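Hi,

Here is the structure I said I would pass on.

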Amino acid sequence: MEQEHILVIDDEEGLLQLVKMRLNAMGFAVTACTNGHDAVSAAKVNRFDLAITDLRLRGEDGLDVTEELLRIHPGLPVIILTAHGSIPNAVEAVQRGAFGYLTKPFDDKELKLKIEEGLSPQRMTREIQRLKSLVNELYGMENVVARSPAMQRLLQQVVQVADSDATMLLFGETGTGKEVFARVTHANSRRSKGPFVALNCAAIPETLFESELFGHVRGAFTSALGPKKGLFQSAHGGTLFLDEIGEMPLSMQVKLLRAVQEREVREVGAEQATKVDVRIIAATNKDLGEAVKNGTFRNDLYYRISVVPLFIPPLRDRRDDIPILAQHFLVASAKRANKEARGFTPAALHRLVTNLWPGNVRELENAIEKAVVMSRQDMITPDLLPSIGTTPDSQLKPLTEAKEEFEKTYLKNVLQLTGGNISRAAQHAGRYRADFYKMLKKYGLHPSSTKVKAGPEVEEMEEEADLTEAER
């Protein structure tokens with residue numbers, strides 16, 4: 001990180017050099033001035049992160065110097081040094097824009113604390129910008145995945161929960177980018193400077209799980225020739241990402257539950273537990289609710305890890321993102337392969353958008369990397385791309401069919417949102433209650449289940465709809 005620069009103004013040469021020496025020892029760059037005129041001149045040609053000035057300068061007023069510095073650099077935190085008898089003036093200085101004041105004599109601890117307070121807002125702003133740049137550089141979040149409404153909503157949720165320590169559970173099919181979202185959450189949290197440790201629970205043999213997560217002491221078992229730190233300890237101060245947690249054996253789930261609840265782990269063979277400061281983010285492509293019913297996943301662990309559940313939609317449900325993702329992967333693949341690749345022909349782009357992509361974003365990335373490697377020109381053509389779940393000459397659905405499919409899905413979603421409450425659902429849809437009933441009947445939907453259902457209930461809805469319409 002760039003060294004922070006502090007401007008110090010005091011007409012007492014001895015005190016000035018003492019403060020400069022203290023600040024240098026704290027790691028700051030310092031410009032020292034014995035009068036306000038020199039300080040203002042320095043401020044006109046240099047960017048300072050903070051200023052410290054004596055309230056009483058020889059032949060000058062520290063308040064005037066403060067105001068001049070703030071005119072040059074609005075928002076510059078200025079700390080006033082004052083004697084006990086001048087505290088009212090120091091309070092006035094704060095009212096006129098100074099950040100705060102220190103009463104002489106002061107020690108290093110007081111000085112550092114006040115400086116840290118003054119620099120904190122700037123540091124926070126710089127850190128936010130750094131994280132935004134990092135996220136955009138690593139994952140292209142701003143320009144790649146956030147165009148579709150579904151992903152915009154998801155990113156808003158991530159922003160809301162990132163800086164908390166709440167345990168998260170990410171649901172999503174294989175290849176949707178669950179680890180990417182876990183890393184983005186970590187990068188935007190207060191733990192961003194700490195480690196991000198990932199474990200694929202499906203890749204660890206059951207006999208090694210406990211040692212891998214919690215570590216072991218020397219002699220804990222035959223092959224334990226030395227101590228080993230577990231992933232919980234490695235993630236101390238940061239985030240532990242447990243991918244495919246639905247594959248964790250039941251024997252380990254109870255031990256993980258204790259670690260998550262108590263924030264402490266016991267190494268294999270150790271007599272005492274060790275406290276750990278770790279945020280847990282888990283992910284799964286399974287229906288854990290169903291796994292709980294089947295007895296393959298603990299109910300108490302499920303509720304403990306799903307404090308904040310987030311669903312990452314499959315690529316087929318956010319097709320607006322495909323062109324942007326494809327271009328992003330194209331640029332990255334061309335750079336790695338040292339090839340010229342500008343984009344996709346219209347036919348190639350059509351194939352990308354109409355493919356089903358069962359492997360989601362990961363499959364799309366692999367397909368484009370292969371296309372770039374095999375391409376002999378600067379535009380990717382459809383023959384270089386796979387045809388998954390469609391045909392090369394597939395066409396969009398007829399308007400009427402597409403509209404009906406959308407309406408049916410929309411009605412289901414509105415009913416689920418309102419818990420089957422017809423009045424609220426009709427309000428959301430902007431329709432009269434009778435009209436809404438007719439739409440439900442058209443698609444064979446029932447308000448309580450949103451499943452296809454034809455029977456007495458539908459007949460009752462029809463009768464009520466006819467009655468309401470007659471009243472109108």
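The protein chain has an average pLDDT of 81, and 84% of its residues score at least 70. Where pLDDT is low, the predicted coordinates should not be read in detail.

As for the overall make-up, I get 20 helices and 18 strands in the protein chain. Of its 472 residues, 43% are buried. If you take contacts between residues at least 6 apart in sequence, 69% of them join residues at least 24 apart.

Now the helix pairs. I looked at three of them.

Start with α2 (residues 36-45) and α3 (residues 62-72): their axes come within 10 Å and cross at roughly 10°. Angles under 35 degrees count as roughly parallel, so that is the label for α2 and α3. On the α2 side the contact is made by Gly 36, Ala 39, Val 40, Ala 43 and Lys 44, and on the α3 side by Val 65, Glu 68, Leu 69 and Ile 72. By class, that contact of α2 with α3 comes to six nonpolar residues, one polar and two charged.

Next, α7 (residues 149-162) packs on α8 (residues 178-187) at about 40°, and the axes are 9 Å apart. With that angle, α7 and α8 are therefore oblique to each other, and their crossing is right-handed. Met 151, Leu 154, Leu 155, Val 158 and Ala 162 of α7 meet Phe 181, Val 184 and Thr 185 of α8. Sorted by class, the contact of α7 with α8 has seven nonpolar residues, one polar and no charged ones.

The last pair is α14 (residues 322-337) with α15 (residues 346-354), where the packing angle is about 115° and the axes are 10 Å apart. This crossing of α14 and α15 is right-handed. From α14, Ile 322, Pro 323 and Ala 326 meet Leu 349, Leu 352 and Val 353 from α15. The contact of α14 with α15 has six nonpolar residues, with no polar and no charged ones.

Then some backbone details. There is a cis peptide bond between Lys 104 and Pro 105, with omega at about 0°. Pro 105 sits in the loop between β7 (100-103) and α5 (108-139).

Which way do the two positive-phi residues go, buried or exposed? Asn 338 is not a glycine, yet its phi is positive, about 55°. Asn 338 is in the loop between α14 and β17 (343-344), and its relative accessibility of 74% is why it counts as exposed. Trp 357 is not a glycine either, and its phi is also positive, at about 50°. Trp 357 is found in the loop between α15 and α16 (360-374). With 0% relative accessibility, Trp 357 counts as buried.

That's everything from my side.

Cheers

Methods:
Residues numbered from 1 in each chain as written. Predicted model: local features only at pLDDT ≥ 70, side-chain atom pairs only at ≥ 80, totals over all residues. Heavy atoms only, no water. pLDDT = per-residue confidence, 0-100. Axes fitted to C-alpha atoms, helices over the stretch in contact; angles between N-to-C directions. Helix = DSSP H or I, 4+ residues; strand = E, 2+ residues; numbered from the N terminus. Parallel < 35°, antiparallel > 145°, perpendicular 65-115°, else oblique. Contact = heavy atoms within 4.5 Å. Nonpolar A, V, L, I, M, F, W, Y, C, P; charged D, E, K, R; others polar. Left-handed = near helix turned anticlockwise from the far one by under 90°. Buried < 20%, exposed > 50% of the residue type's maximum accessible area, 1.4 Å probe, protein only.
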